[in-house]
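Dear colleague,

I am passing on a model for you to look through, with notes on what came out of it. Please open the sequence and the coordinates side by side before reading further.

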Amino acid sequence: MIRLEFIYALGGLLFLTVAVLEFLDRANPKRYRKTAFWGIYGITFLFGSVLPPFATGCLVILMVLVTGWKDLGASKVKTTTEAERRQSAARLRDKLFIPALCIPLVTFLGTLLLPKIAINGQALAAAKDATLISLGLSVIVALVAALWLFRQRFVTSLHEGRRLLTAVGTVAVLPQLLAALGALFAAAGVGQVVSALVGRFIPVNDAFWVVTAYTLGMALFTMIMGNAFAAFPVMTAGIGLPLIVHKLGGDPAIMAAVGMLSGYCGTLMTPMAANFNIVPVALLELPDKNGVVRVQVPTGLVLLAVNTLLMYFLVFRF
Amino acid sequence: MPTSALRQLFASVNPVPHNAGPGFRVIHVQGSSMLTLIGVLIVIIGFALRVNPLLVVTVAGIATGVAGGLSPVAIVSDFGRAFTENRYVGLVWLTLPVIGLLERSGLKERAQELISRIQSATTGRVLLLYLAIRQLTASIGLTSLGGQAQMVRPLIAPMAEAAAEARFGELPDKTRYLILAHAAAVDNVGVFFGEDIFLAMGSVLLIKGFLDENGIRLTPLHIALWAIPTAIAVFIIHGARLLLLDRRLNKQFKDRKT
């Protein structure tokens, strides 16, 4: 049986390798801080399930302090020139797509098959972890395919990994940190305060304004938390269930489904949803941190209006 | 979506944290309750001033914990626990060594060459096609057939860029950045409003779980069904915007058209 912990260890080893490479590069600016950052991140990955939460928390805070006031910046890693890449593309042609497509295809097949294949009565992977485990395995398959097809050395892939990971930079850990912030928001009861605030401003007998308060509240609270899943129980317990369903007799399935999707409109419009909105900015090396959010806002706003109308016209009819 | 999100969800339904110390105050006391919003304020100000986001989020977390009456040890422990539980979001970085290897071997260049050979390919049409594929595959549960690191950086973004370059020649940086941002946005829009139609997806199960707890029994099918109108609406809205992007590019570079 393949455990998820094994894939996390793989991630930990990658980050520790990057730390070592950062350290060995003497020309690297802020070399020690970069080493410390990726080293600590690697340790939290590798030993996360063994370390007591308090120790992990201390390590994470240390890791954040190491980054300082501004980002650490990308490291210069030697790679091919554009002319070399064109030459290589002309030689390898469509073979180049094979490893690239290995990642999604193996992930997909593994998700389907791993929980079904049993050895000694034990499934190869637990169904709930199958996608993540398959993602890890797909990377191994794609890597082997790429090394073999392109006749590259394994160590080259590590240097390339460092090049891209440091181009993403310290933002790489932001989604995880935001999830941790969400946990603290929940523990401190931020949700209840927000839904109480929203609840104070709506006329509870006017169906249109109640629906609007719910969809807007879902979007706004999702923008604050960066996650519609965190907003849903708070807003639905505060407005959706008591007002739309119980008081005004709306259909719970429509209320909940469209409500959740109104939250997703919020996800499109917030930097707090870092893995969707900030990580691609880093991956595509865009100069404007909000470049992706900016492009998504018009769709988010129009769709939020559409969702509000959809709910208003449908929820009391079914 | 993963189970930790579900766990977090049910934790947030119950206002009293499992590890609340003796100093924990009940939330609906007016004065102290508004204070817990301080973390939100710190995030908004910090992000606006473009301070290192890691620092902003950490400070906001600590401030929220203190305002909520949690002990310092509980705050750090909660932080550490959630960080560990959410390691799955960091697994996407495992793909980078392979993506890097592909890039150095010329994947982008090859993808661009293929696109520039298709006469009818435009930035908007390339992205529209990807939007349709992403939404459809997500709606049958194949959310892993995409993603910012796996698909957008190595394939979709270079193709969208190449489609414009094939028509208008070299692009100014501002236009290039706009096209890349659109490529990232399409992946997000497609997966968000596709996955909700799939019965076994986290959001559908989460809704079902929440309503179950509140005594309302529904089948996942019932919930997923009502995600379809929004899915169609977003395809029309975002698809129209992609075609408008084409028009905008056509107008901007009308004297350069080849």
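This is a predicted model: local features need pLDDT of at least 70, side-chain atom pairs count only at pLDDT 80 or more; totals for chains, interfaces and linings use all residues.

Residues are numbered from 1 along each chain as its sequence is written, chains are lettered from A and ligands numbered from 1 in the order in which they are written, and side-chain values use heavy atoms, with hydrogens and water left out.

Chain B has 13 helices and 0 strands, where helices (H or I, at least four residues) and strands (E, at least two) are DSSP runs numbered from the N terminus. Of the 258 residues in chain B, 59% are buried, a term that stands for under 20% relative accessible area with a 1.4 Å probe, protein chains only. Contact is taken as heavy atoms within 4.5 Å, and of the contacts in chain B with a separation of 6 or more, 73% come from residues 24 or more positions apart.

Between the chains, 114 residues of chain B are in contact with 143 residues of chain A. Together they bury about 11,400 Å², with 77% of it on carbon and sulfur atoms; buried area here is the accessible area (1.4 Å probe) that two parts lose on being put together, summed over both. There are 6 salt bridges between chain B and chain A, each being a side-chain nitrogen of Lys or Arg within 4 Å of a carboxyl oxygen of Asp or Glu, and one pairs the side chains of Arg104(B) and Glu160(A) at 3.1 Å, N to O. Helix α10 (residues 173-195) of chain B gives the most to the side of chain B that touches chain A, with 12 residues.

Glu103(B) lies in helix α6 (residues 96-104) of chain B and is buried, at a relative accessible area of 7%. The residues that Glu103(B) touches include Arg85(A), Arg163(A) and Arg153(B), not counting residues up to four places away in sequence. Its side chain makes a polar contact with the side chain of Arg163(A) at 3.4 Å, a polar contact being a pair of N or O atoms within 3.5 Å; within protein, one must be able to donate a hydrogen and the other to accept it, and residues adjacent in sequence count only if both atoms are side-chain atoms.

In helix α7 (residues 107-117) of chain B, the buried residues include Leu107(B), Glu109(B) and Arg110(B), and the buried residues of this helix pack against α4 (82-92) and α5 (97-113) of chain A together with α6, α8 (123-139) and α9 (148-168) of chain B. Gln135(B), in helix α8 of chain B, counts as buried at 9% relative accessibility, and a polar atom of its side chain lies 3.0 Å from the backbone oxygen of Ala231(B).

Within chain A, the domain assignment gives domain 1 (4-75), domain 2 (82-152) and domain 3 (189-314), with bounds that come from an automatic or database domain assignment. Domain 1 and domain 2 of chain A bury about 400 Å² between them, 86% of it from carbon and sulfur atoms, and Leu4(A), Ile7(A) and Leu10(A) supply 88% of the area that domain 1 buries against domain 2, more than any other three residues. Across this interface of domain 1 and domain 2 of chain A, the rule finds 0 salt bridges.

With best regards

How values were computed: Buried means under 20% relative accessible area, exposed over 50%, partly exposed in between (1.4 Å probe, protein chains only).
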